[in-house]
Amino acid sequence: MALSVDELKAAIIEKATKAPKPQLYIKDFYACDADSKPRVIKNVANDLVKEGKLMFWSSGSTTMYALPSRIKNEETRPQD
Amino acid sequence: MPKHDTPLMDELEKGPWPSFVTDLKRQAETKPECWDILGQMELSFKDRITHWKHGGIVGVFGYGGGIVGRYSDSPKQFPGVAHFHTVRLNQPSSKFYSSAKLRDICNLWEKYGSGMTNMHGSTGDLVLLGTRTENLEPLFYDLTHDLKQDLGGSGSNLRTPACCIGSARCEWSCYDTASICHHLTMHYQDEIHRPAFPYKFKFKFSGCPNDCVASIARSDFALIGTWKDDIRIDQDAVQGYIKGDYKPNGGARAKSKPFDIDEDVLALCPTACMRMKDNKLQIDNKNCTRCMFCLNMMPRALRPGVIKGASILCGAKAPILDGAQLATLIIPFVEVTADNEYENIIEVIESIWDWWMEAGKNRERLGETMQRLGLPTFLKVMDVTPIPQHIKIPRENPYVFWTDEEVPGGFERDIREFRKKHAQ
């Protein structure tokens, strides 16, 4: 049985917190609930961005999700 | 007065063609940050490496696309391009806009950005190049409230749908490209503005097989106009071309020698399905592949048939993995009509998305997923019965593979019973 929206949100945040990679693709969240459709997971992840709990990182061609505390911020990152 | 020495960039002003370096220098007179673009590019030419950092977190509230973050890796040396984000604006379908609208967009960009634009990006967007993070929200507010424009797509979103000029001005268009492009842009606002997929996904709509938006080469989902019945022939106009009354190819054909219908049209038909008999042009329409060559050469004499619609092709992409790929024909003919709000097209699109969102790997375009899992799998997912047009080349493999459900009784059998019967 698929998780409720709140349970799914918690699972996504847990995944974003514990994953070794700080930034994740949307497909990385599919494993949070095998019974939820990809479109549902996408909508929940995007809702978490609206709530400020996740952020988008984009190269321009692809988009990833991360916790605000783990995201790679080019504006604050030291010069290479 | 130039801020940086740019001898390598200056070389790019010496050819006979218009130079973006000259444009940048002109723009730098009012927007000094443009000197830093030239300076950074000069350094990149010397170092043979880009000095842009990769991506970023910029965007406007509620949107996950439309802004592409760009930061210089040498901000102290080039402070004018420390932030130099790109903004993509959703272009109107078929790119119909007034000069007043263009002026408004340019004025807005002079206010909030570098003033540099790229009209249009390869997705079709109006591309505004170079602004700082703190300018994004005020720019977006003015853009949406005063200019009634919206951002386009970027990242793993549905990209801004694009179409040719279509039946608005083109007599060859087999459906109203601008109408469906606008309808789907509005229908899929969430997918355009927020990431939804393993990677980018592009729609492109061409009204006829001339494919003026190159949808067959650039889009994951190409809708290319076609017709089902016979090419309409005006025999008097054919004679007009033969006599030289009309200019072939709309006047674009080289005039080195007079038009010769045998040499210039019949001999160049890829399927040799045309001939002149008793001074009349005949076309074996069953063998016509709708290449448009003869229609382009004699537009006054030949027109598409009257039963019009479109072909659906999927999976084109530029080279990242495995090289560039042209789209594959999936559905040879569909009706395209606003009467059903394009329901039949939307159904196909969503079947593709449902499959690709599960089966596609991260950063894998639809065409790559199709290639990895095979066209037979994709056709099955799409519930499309294979037809000869799906076959690229005759088979080389002598084995025929049957699935369980294709074999009466399936593959289940009693192996002991089988061995008893067939034992030596």
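Begin by selecting strands S5, S6, S7, S12 and S13 of chain B, which form an open five-stranded sheet in the order S5-S6-S7-S12-S13 with mixed pairing; strands here are DSSP runs of E of at least two residues, helices are runs of H or I of at least four, and both are numbered from the N terminus, while two strands pair if DSSP finds at least two bridges between them. S5 and S13 (328–334) of chain B stand at the edges with a single partner strand each, so one side of each is left without a neighbour in the sheet. This is a predicted model, in which local features need pLDDT of at least 70 and side-chain atom pairs count only at pLDDT 80 or more, whereas totals for chains, interfaces and linings use all residues. Residues are numbered from 1 along each chain as its sequence is written, and chains are lettered from A and ligands numbered from 1 in the order in which they are written.

Stay within the sheet and select S7 (221–227) and S12 (308–314) of chain B, which pair in the antiparallel sense over seven bridges; B:Ala222 can be found opposite B:Leu313 in S12(B).

Next, select helix H6 (177–187) of chain B, whose buried residues are B:Thr177, B:Ala178, B:Ser179, B:Ile180, B:Cys181, B:Leu184 and B:Thr185; a residue is buried if 20 or more other C-beta atoms, placed from the backbone, lie within 10 Å of its own, exposed if 12 or fewer do, and partly exposed in between. Their cover includes strand S5 (162–163), helix H7 (189–193), strand S6 (203–206) and helix H12 (343–359) of chain B.

Now colour chain B by domain, with domain 1 at 7–145, domain 2 at 162–226 + 313–390 and domain 3 at 232–303, bounds that come from an automatic or database domain assignment. The C-alpha centres of domain 2 and domain 3 of chain B lie 31 Å apart, and the contact between these domains takes five residues from each, two residues being in contact if their C-beta atoms, placed from the backbone, lie within 7 Å. On the domain 2 side of chain B, the residues touching domain 3 comprise three nonpolar, two polar and no charged, where Ala, Val, Leu, Ile, Met, Phe, Trp, Tyr, Cys and Pro count as nonpolar, Asp, Glu, Lys and Arg as charged, and the others, Gly among them, as polar.

Move to helix H3 (33–47) of chain B, whose 15 residues reach 21 Å from the first C-alpha to the last, close to the 21 Å expected at 1.5 Å a residue, that is, 1.5 Å times one less than the number of residues. Its buried residues, B:Trp35 and B:Met41 among them, pack against helix H1 (7–11), helix H2 (20–28) and strand S3 (113–119) of chain B. Just after H3(B), look for B:Arg48, which takes a positive phi of about 55 degrees.

From S3(B), continue to strand S4 (126–131) of chain B, its antiparallel partner over five bridges. The two strands form a hairpin with six residues between them, and B:Gly124 in the turn has a positive phi of about 110 degrees; B:Thr117 stands opposite B:Leu128 in S4(B).

Finally, select chain A, which follows the pattern α-α-β-β along its sequence. Of its 80 residues, 36% count as buried. At the boundary between the chains, 24 residues of chain A are in contact with 27 residues of chain B, and H2(A) gives the most to the chain A side, with six residues.
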